[in-house]
Amino acid sequence: MPQPPVPAPSLIVSLMPLVSPLMTWVLVITGWVVVNHGNNVRESRKETRSKIDAIIKAIDALETKSIKYYMTDVSVDAQLLEMEIKRDIKALEAGLKRLSLSDPHFQTADAQKDLQNSMTGGDFEQSARVKRPHTDGKLLQISTDARELINVMEIAYITKYAKKSRLPWKT
Amino acid sequence: MDNSMANETTINIVKNFSKYPGGRTPADGDYSGSRFRDQLLVPALKKYANVVVEMDGTLGYGSSFLEEAFGGLVRLCGFTPVQLRQSLVLRTQSDVTPLIIWEYIDEAIPEIGTSQSAVAKMPVMA
């Protein structure tokens, strides 16, 4: 009895021995990309958080110095505070600029301007300045502007990282 | 000051004024905003079409100094914000200082009795 013809193996089946090891490599590489991306996002988030925390500390110190300055009479101590406040504002600006250069989400120039104006505007460095009570509006304004600058940074941080996808193709 | 170009001059605050500018009036210190305005800015703005102010290198600026020096150009010296935007160039690495200065210039209100002579003496722009 004649044997039925053996069907020729399909193209896919014939390629399987070749494709199979390739698929393994594709899976390994894809897995590595996903894990690596997740690690990079976590590291970047931690690094940014640590920069923000340092800046918040600097803003708090600056706020305390400014309030102390306006509650102090014109004196050598007050003059030293004037120099420290100007120097610290400059250092704060440099820190915020570094943050914005590493991540354009952090645009804080307007909030910085308001804080600098409330801290060093008006009668700052004036010989006729008189000390203020702790309830003075200027002191409250300094605190408000300091909190606002911190708030702008926190919002930028949340916007960038809170809903950040862990998937590399959904950046 | 650099006079290499006929219609432009550069004021470098550190070289031409002080590394430690501060205060509003001479009573507040030797390097006050009013002294900077009257001795350097106003003469330069009257003589040159473009005045470049290089601001880097100082210890920092108090807003009171900046208001007196730049806002005072409008409040007391008869310049208008439009004229200053045409002729004043602020050169600094800071993003904040120019914002502060232009806000003071734009919001300054000429004080009653302010001489308009500075405006009259402004060079005619080509």
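The following paragraphs lead through a predicted model of chains A and B, from the fold of chain B to the interface and then to individual residues.

Of its 126 residues, 52% count as buried. Among contacts in chain B between residues at least 6 apart in sequence, 72% connect residues at least 24 apart.

One helix pair in chain B can be followed in detail. The axes of H2(B), residues 33–47, and H3(B) come within 9 Å of each other and cross at roughly 35°; the crossing is right-handed. On the H2(B) side, the residues in contact include B:Phe36, B:Arg37, B:Leu41 and B:Leu45, while those of H3(B) include B:Phe65, B:Glu68, B:Ala69 and B:Leu73. By type, the residues of this contact comprise 8 nonpolar, 3 polar and 2 charged.

Through shared partners, B:Arg24, B:Arg37, B:Asp38, B:Glu67, B:Glu68, B:Arg75 and B:Glu111 belong to one network of salt bridges. Over all chains, the whole structure holds 25 salt bridges.

The interface between the chains comes next. Chain A contributes 19 residues to the contact and chain B contributes 23 residues. Together the two chains bury about 1800 Å², 45% of it on carbon and sulfur atoms. A:Lys86, A:Lys113 and A:Glu125 supply 27% of the area that chain A buries against chain B, more than any other three residues. Two salt bridges are found across this interface. A:Lys113 and B:Glu103 meet through their side chains in a salt bridge of 2.6 Å, N to O.

Helix H3 of chain B (residues 63–75) also carries B:Ser64, which counts as buried because its relative accessible area is 0%, under the 20% limit. Leaving aside neighbours within four places in sequence, B:Ser64 is in contact with A:Thr120, A:Gly121, A:Gly122, A:Phe124, A:Glu125 and B:Arg24.

A:Glu125 lies in the loop between helix H3 (109–120) and H4 of chain A, and is buried at 9% relative accessibility. Most residues other than glycine have a negative phi. A:Glu125, although not a glycine, has a positive phi of about 65°. A:Asp123 is likewise buried, at 15% relative accessibility, and forms a salt bridge with A:Arg132, the closest N and O atoms being 3.0 Å apart.

Within chain A, A:Ile142 is placed in helix H4 (residues 137–161) and is buried at 0% relative accessibility. Not counting residues up to four places away in sequence, A:Ile142 touches A:Glu63, A:Ser66, A:Ile67, A:Tyr70, A:Leu115, A:Ser118 and A:Met119. A distance of 8.9 Å separates the C-alpha atoms of A:Ile142 and A:Asn117, which are 25 residues apart along the chain.

Methods: Residues numbered from 1 in each chain as written. Chains lettered and ligands numbered in written order. Predicted model: local features only at pLDDT ≥ 70, side-chain atom pairs only at ≥ 80, totals over all residues. Heavy atoms only, no water. Helix = DSSP H or I, 4+ residues; strand = E, 2+ residues; numbered from the N terminus. Buried < 20%, exposed > 50% of the residue type's maximum accessible area, 1.4 Å probe, protein only. Contact = heavy atoms within 4.5 Å. Axes fitted to C-alpha atoms, helices over the stretch in contact; angles between N-to-C directions. Left-handed = near helix turned anticlockwise from the far one by under 90°. Nonpolar A, V, L, I, M, F, W, Y, C, P; charged D, E, K, R; others polar. Buried area = accessible area lost by both parts, 1.4 Å probe. Salt bridge = Lys/Arg side-chain N within 4 Å of Asp/Glu carboxyl O.
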